[in-house]
Amino acid sequence: MTTPSLSDSSHGPSRSEPNAPSTSTQLSSSQTLPELKKRIRAGLKQYPDFPKPGILFEDILPLFASHELHKDLILAYELQVQESFGSDDKPDVIVGLDARGFLIGATLALRLGIGFVPVRKPGKLPGNLETAEYQKEYGVDSFAIQSDAIKPGQKVLVVDDLIATGGSAQAAGTLVQKTGGILLGYIFIIELTFLKGREKLNAPVYTLIESQD
């Protein structure tokens, strides 16, 4: 893998009202989406030949170890949602994938004032479940969601840290639709574009950083 390059998204500053509280749409130039993406890119740590030779592993955990980078990451996601969907098509629910999607999705949902629903590995959720299988490199795995976690007609955004082959994200999208949710799209920190995972997905895909070989 090669080092990911920044995507070309932009987000202009908004006018502030006097004495108004600061919000994510009232940002200084240093807090615009492209600048946030640069800081996120710089905050990642790379491990060559992990988990096997020829793989350049992009570690997102340093983004959570730093309070400032953690804030940058969540704000970048928030601005990406605003830029991509606007106020008229705001999601009602964030779905996070087991397990790194939980680190991002729950906080993002709190920032957006909406609900968070986890998609989990088999055997981790009680109650009535919907399940979906997906193909891994050496076999088949599956995800589950509680059947009543998403109300029919709710608009849903799927969140995870990385899209590679797209199988797990595709399964999450299938689960959203099985519960009666409306799948708005998917959002990730990193996309390994050479694996063409977005081609498996039946809704728009948004990423903060792209990587290709």
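By class, 18 nonpolar, five polar and 10 charged residues make up the lining of the largest pocket in this predicted model. Here Ala, Val, Leu, Ile, Met, Phe, Trp, Tyr, Cys and Pro count as nonpolar, Asp, Glu, Lys and Arg as charged, and the others, Gly among them, as polar. A pocket is an open set of points on a 1 Å grid over the protein atoms alone where a 1.4 Å probe fits, with protein on both sides within 12 Å along at least five of seven lines; lining residues have an atom within 4 Å of a point. Of the 33 lining residues, Lys 136, Leu 162, Ala 164, Thr 165 and Ser 168 lie nearest the centre of the largest pocket.

Among the elements that each supply at least two lining residues are β6 (129-136), β9 (162-163) and α5 (167-178). Helices (H or I, at least four residues) and strands (E, at least two) are DSSP runs, numbered from the N terminus.

The 12 residues of α5 should span 16 Å at 1.5 Å a residue, and the end C-alpha atoms are 17 Å apart, which agrees; the expected span is 1.5 Å times one less than the number of residues. Just after α5, Gly 180 takes a positive phi of about 95 degrees.

Residues are numbered from 1 along each chain as its sequence is written. In this predicted model, local features need pLDDT of at least 70, side-chain atom pairs count only at pLDDT 80 or more, totals for chains, interfaces and linings use all residues, and side-chain values use heavy atoms, with hydrogens and water left out.
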